[in-house]
Amino acid sequence: MKLIKRALLPIFILSVALTGCSAPADSSSLVLNKKGALTQTIVEEWDQEQYDKKELQEQIETEIKAYDQKIELNSIRTKETKVTVKMTYQDLASYAEYNQVILFQGTVAQCQAAGYLLEGEFKTADGEAVDRTQVLNAGDACTVLVFQEPLSVKLPGRILYCSNSLEIISGKEVKASLEENSTGFLLSNPVYVIYK
C-alpha cells in the first residue's frame, strides 16, 4: 500500500488524519497465486469533489512506467466516498520493492537466512496455541509468508500456523489489523503465515 501513500498522499492525508489509518483493514487485500504473481486491491477514503479520478490514474501510470518491473494497473473505481485501485505484480519481490514494504516468501530456513526469525507467538489454523519449535520444524514442504501491512491476504494453500495476532478468515485467508493507538501505516512487527 506504499503506492497509495506515495502517489496519493495529498489525496488521502486528510482521511488518514481523521481515521488514524488509511482504510478499514478488511478492505485492502493481497491475493497470491500458485505461480508467484499477486493481485493487490487497495480501498481508501475518497473526496470526489476535491480530487480527479483521471489525475489519480495518470499519476499511478507514471509511477508504474518509471519502475523497471512488470506491474499492471487493472482498474480504478470510485464510488461515493471510496476509491478502489486494483494492480497485478509479477512476483512478491516486485511488490515489496515497488511499495517499499516487507513481503517475503520461502521455507523456514530461507526466512531465517533472510533475517526473518519467526519470533512471537503462533497458533494453528483452528486458533489453538502452538509452540514456536513446532513452527520452526515445519520443514521444506511448507511455505512461510512474511508481511507487515494491515490487510487481508489470501494464500494459494492451506494455513497450518500463523502469528497469534492474525485473524483467520478461512483456511486460506488471514487478516492483519493495526494495533490500537498505532500512528503508522505498518504493523509494529512482521507477521508470519505458514501454509502448504
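This is a predicted model: local features need pLDDT of at least 70, side-chain atom pairs count only at pLDDT 80 or more; totals for chains, interfaces and linings use all residues.
1. Have a look at its backbone: phi is positive, about 50°, although Glu80 is not a glycine. For context, most residues other than glycine have a negative phi. Glu80 is also exposed, with a relative accessible area of 64%.

2. Gln100 is another one to check. Here too phi is positive in a residue other than glycine, with a value near 55°. Gln100 belongs to the loop between α4 (92–99) and β5 (103–106). Its relative accessible area is 51%, and because the cut-off for exposed is over 50%, Gln100 counts as exposed.

3. On to the charged pairs. How many salt bridges does the structure hold? There are two. In one of them, the side chains of Glu45 and Lys82 meet at 2.8 Å, N to O. Glu45 is in strand β2 (residues 38–45) and Lys82 in strand β4, so this pair ties together parts that are 37 residues apart in sequence. Both partners are partly exposed: Glu45 has a relative accessible area of 26%, and Lys82 has 25%.

4. The other bridge joins the side chains of Glu167 and Lys175, at 3.6 Å from N to O. Glu167 is partly exposed, at 39% relative accessibility, whereas Lys175 counts as buried, at 16%. The cut-off matters for that label: buried means under 20% relative accessible area, so Lys175 at 16% falls in that class.

5. Last, the pocket. The largest pocket has a volume of about 310 Å³. Which residues lie nearest its centre? They are Ser163, Ser165, Asn189, Pro190 and Val191, out of a lining of 18 residues.

How values were computed: Residues are numbered from 1 along each chain as its sequence is written. Side-chain values use heavy atoms; hydrogens and water are left out. On a 1 Å grid over the protein atoms alone, a cavity is a set of points where a 1.4 Å probe fits but cannot get out, and a pocket is an open set with protein on both sides within 12 Å along at least five of seven lines; lining residues have an atom within 4 Å of a point. Grid points are joined across faces, edges and corners, and a volume is the space filled by probe spheres set on the points. Buried means under 20% relative accessible area, exposed over 50%, partly exposed in between (1.4 Å probe, protein chains only). Helices (H or I, at least four residues) and strands (E, at least two) are DSSP runs, numbered from the N terminus. A salt bridge is a side-chain nitrogen of Lys or Arg within 4 Å of a carboxyl oxygen of Asp or Glu.
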